[in-house]
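Dear colleague,

I am handing over the structure that we talked about, and I would ask you to look through it before reading my notes. The notes follow directly below it.

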Amino acid sequence: MLRLFLHEMRVRRNGIIGWGIGLMLLPVVYIGMYPEFASLMEDMQELMDLAIYQAMGMNMGTFEAYMASSTTNMIPIVMSVYAVINGTGTLAGEEEDGRLELIVALPIPRWQIVTVKAAAMALSLFLIILVVSAGSAAALIAIEGKVKTDIAVTPLDLALAVISMWPLVTSLALISLFLGTITPRRRIASMIATVIIVVSYLGNNLAGMVESLELVQTFSLFHYFDATEHGLVEGQAAGDVLLLTAVMLISFGLAIVFFQQRDITVGTWPWTKAKMT
Amino acid sequence: MSEYVIETKGLTVYYGRHRGIENVDLQVEKGEVFGFLGPNGAGKTTMERTLLDIIRPSAGEALLFGNLDSRKDGVEARQRIGYLPGELSLYADMTASAYFKMYHALQGGNDTYWQTLADRLGLDSSRKIRNLSRGNKQKVGIVAAFMNKPELLILDEPTGGLDPLVQQTVIELVREAREGGATVFFSSHILPEVQAVCDRVGIIREGQLVAVKRVEELIRQQFQRVQFTFGTIPPADAFVLDGVTELRRDGNVVMLEIRENLNAVLTTAVAYTVTNIDIEAVSLEDIFLAYYGKGEGHA
């Protein structure tokens, strides 16, 4: 199992490096540039009040809000792209390109294959987030003396806030993994996962603006991750983390159940398998 | 307890409404090389994947090594199986040697027999798989299938993409595996290869096992297709001979299918001044399709 896990990590190595560095540049550039246009930020508050920005969960009225917008608000959305690519690519993608056939033909129980691949995926997401987290904290340290002195967020707070997005993005990845086990093609799984993420993200932010739609928010995964300035300062609510953990475990469990039943290399919907007597 | 290495009983696989294999009853004995033959889409790959529990049966069962159910005891069974799929897809970023080490560890082995195999096949295992030619990738698959000295080898078109010398080495490896007591389930379209190495063959058509024969019987069913161009047009009944069928006639060009009486055909042909002869290569599938014909059931 360890050997398969190491192999899975090796396969993901380039993705971790590429996505880690690429995503790290986002907060580094945004936070690093802040001193250059800090004075303009207060003027931007009116702009941020526009519905379009609120729908995207953006706020730049304070330095803390600006940091939240450029880290905990923006990165999960970009990371969700990686989550979908990785989640659907892990079983469905490997099945489609034929590599999974040789793995399944080995003397390894299928639940172990799913477990190892899910663990490798979760760890790769964590490592990417860790790189982004370190970059964010480093950027904050670099500009600390150039902005106001009473910053409510320490570099450690910022680093932990970035790390706390792991349950959210891992949930999205595991949902994508599960979708790959019940759909005939990776493309279909990716489409469904993307729709879920976009609707979930926009639904959460739009519902937050309209009181009557508050109930809708409860169905959005993004509702359980506080991407605002408050989240940076206070951290995530334990209940939200538990709920996202439950989503992770349920998606993982369902992926095992459906992968156990699945005909590999056939590319059919699970319910089209005719059981004959 | 059965002594068969492979035994299927009413094995059936359907993908929704699409047929995979139907009601296949097959026994493969320990130590034999069994050729599994049939046209594309006949169900060969489905059969192999079902034995490996990659695909699950819709009905029936497959027993391996006497008492291991391919599904319930799949992990235990696969520990004793080496598999080469027909469409090989490998991890392109790995070197061949890293791939062998990983594959070896996952199968529970620990020796370096893969190195011996790679040398015999002329494979440079230090190169990344993405940089290997199709033939060399096929060698990687062959090494992976053989390197743990499995009791059962399931090989789907093992010599595809290989040059004739390496093809011969693969045939030798199959023979050596048999001599070492292994059983080989061998799928191929190449008749000389089947003749060279298989003890028995099973012929699958449209998902059904239509015959299981010894190779000698199969060889007796061989025929040739010969196209003569004549200087003088022969009469319509010129080639009415036992084992000879006139397939086509276009003016002075006559196409014959010859199972026997080749000398009589040549003697007759010479009488009408042969200006050209084309001998059409007949594939194993042609033989099967001609022998079993459309609509024929189990032989």
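This is a predicted model: local features need pLDDT of at least 70, side-chain atom pairs count only at pLDDT 80 or more; totals for chains, interfaces and linings use all residues.

Residues are numbered from 1 along each chain as its sequence is written, chains are lettered from A and ligands numbered from 1 in the order in which they are written, and side-chain values use heavy atoms, with hydrogens and water left out.

To return to that pair, strand 9 (residues 200-205) and strand 10 (residues 208-214) of chain B run antiparallel and are joined by six bridges; strands here are DSSP runs of E with at least two residues, helices are runs of H or I with at least four, and both are numbered from the N terminus. Two strands are said to pair if DSSP finds at least two bridges between them. The hairpin that strands 9 and 10 of chain B make has two residues between the strands, and in it B:E206 takes a positive phi near 50 degrees.

Chain B also has an open sheet of four strands in the order 2-1-4-5, with antiparallel pairing. Strand 2 (18-29) and strand 5 (68-69) of chain B stand at its edges with a single partner strand each, so one side of each is left without a neighbour in the sheet. Strands 1 and 2 of chain B pair over eight bridges in the antiparallel sense, and B:I6 stands opposite B:V28 of strand 2.

Turning to the interface, the contact (heavy atoms within 4.5 Å) takes 35 residues from chain B and 35 residues from chain A. The buried area, meaning the accessible area (1.4 Å probe) that two parts lose on being put together, summed over both, is about 3000 Å² between these chains, and carbon and sulfur atoms give 58% of it. Of the area that chain B buries against chain A, B:I54, B:Y91 and B:L106 supply 24%, more than any other three residues.

A salt bridge is a side-chain nitrogen of Lys or Arg within 4 Å of a carboxyl oxygen of Asp or Glu, and the rule finds one across the interface of chain B and chain A. There the side chains of B:R49 and A:E101 meet (3.0 Å, N to O).

Over all chains, the structure holds 18 salt bridges. One of them joins the side chains of A:R262 and A:E95 (2.9 Å, N to O). A:R262 lies in the segment after helix 12 (238-261) of chain A and A:E95 in helix 4 (residues 63-97) of chain A, so the pair ties together parts that are 167 residues apart in sequence.
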